Amino acid sequence: MLSQAESVDSEEESQEDEEDSWRVYLDLYAFLVPTTYTTTEVNGNRTNSALPLSDVINTLDEALTFKAQVEYGRIGFMAGVYHGSLSDSQSASFYNETSNPLRNRLDLPSRLRKRTLRVEGDLDLEVDANQTVVDLAFRYRGGAIQKPRMEKGSSSFIGLVGARIIDANIRTNFTLNNESTLSVEGRRVNRELTRELKKSSSESYGNTWAQPLIGVFGTYAISEDWQAFAYLDAGGFGLSGEQDLSGTAQAGIAYALGNSAQISLSYKYFGLDYAGGGGNSYSVDQSGVNLGLRWLFD
């Protein structure tokens, strides 16, 4: 039978063996943003956009969101990818006819006191947008090993240092063909007004740049199955452009699904503000509910 001292030594050796081993974490998540706000400036021409979540779902072409981490002892590496691509193309034909009596205009001939304005045309709109954010960072852990189930009251703290790589592309194309005709009682007269307007506009922005990245991630075990967590990061610090800053803030709770998996619910904010000079800039603001699923392989 082991003595108390031998039992303590055995427990310490077991903890040391657990520390000196490999662990892999895989996180899949869905970032549900009610409205995504973007501002794009190309050659001094600025376009503001507010895209609801329903429109994002309807026009989404590709989406990939995951984070993978590997740890040996207290040192590890993290790689995260957030990618979204959407496209939309709309065409519409419109027609409007309005009768406007001019009986009070006594200075007009009687046959011109009744005017009919007919407007018809075609509208074509195309939008393509994609954004990819890749985070690569070394990590160091203080405190307990992060697991789906942790001893009540235990905590863990992770510091991150690395790089954030951003690729953003937006293209819009707008074409309007419009014809207006002024007629009287269905017949054109010598004072006919016909105007044909053909207006097209095309704007695009594309850039790939890298930012230095720092971050912190902490967890606290409320009970064996429940954990509270918070995550903060910041990148850029004006090193890659006239204005270059990005950041994430997230806080939530997680629940264990056995010993190797857990689900989480949190509120998350992501912001990006970049200006490269020459009247070109790009910014995005997103905030909403984040649903997560984590697996631990050890």
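The following legends describe views of a predicted protein model.

**View 1. Secondary structure elements of the protein.** The protein contains two helices and twelve strands. Read from the N terminus, the order of these elements is α-β-β-β-α-β-β-β-β-β-β-β-β-β.

View 2. Of the 298 residues of the protein, 35% are classed as buried. Among contacts in the protein with a separation of 6 or more, 68% are accounted for by residues 24 or more positions apart. The protein has an accessible surface of about 17,300 Å². Carbon and sulfur atoms hold 54% of this accessible surface.

**View 3. A nonpolar patch on the surface.** The patch is formed by Leu32, Tyr220, Ile222, Trp226, Ile253, Tyr255, Leu257, Ile263, Leu265, Tyr267, Val289 and Leu291. Together these residues present about 1,100 Å² of accessible area.

View 4. At least two residues of the nonpolar patch come from each of β10 (243-256), β11 (261-277) and β12 (280-297). The greatest contribution is that of β11, which gives three residues to the nonpolar patch.

**View 5. Tyrosine 220 in strand β8.** Tyrosine 220 is located in strand β8, which spans residues 194-221. Tyr220 is also one of the residues that form the nonpolar patch on the surface. The relative accessible area of tyrosine 220 is 44%, and this residue is therefore partly exposed.

Terms used: Residues are numbered from 1 along each chain as its sequence is written. This is a predicted model: local features need pLDDT of at least 70, side-chain atom pairs count only at pLDDT 80 or more; totals for chains, interfaces and linings use all residues. Side-chain values use heavy atoms; hydrogens and water are left out. Helices (H or I, at least four residues) and strands (E, at least two) are DSSP runs, numbered from the N terminus. Buried means under 20% relative accessible area, exposed over 50%, partly exposed in between (1.4 Å probe, protein chains only). Contact means heavy atoms within 4.5 Å. Accessible areas come from the Shrake-Rupley method with a 1.4 Å probe; for residues, only the protein chains shown count as cover. Patches are made of residues with over 30% relative accessible area and no salt bridge: like charges are joined within 9 Å, nonpolar side chains (Val, Leu, Ile, Met, Phe, Trp, Tyr) within 5 Å. A salt bridge is a side-chain nitrogen of Lys or Arg within 4 Å of a carboxyl oxygen of Asp or Glu.
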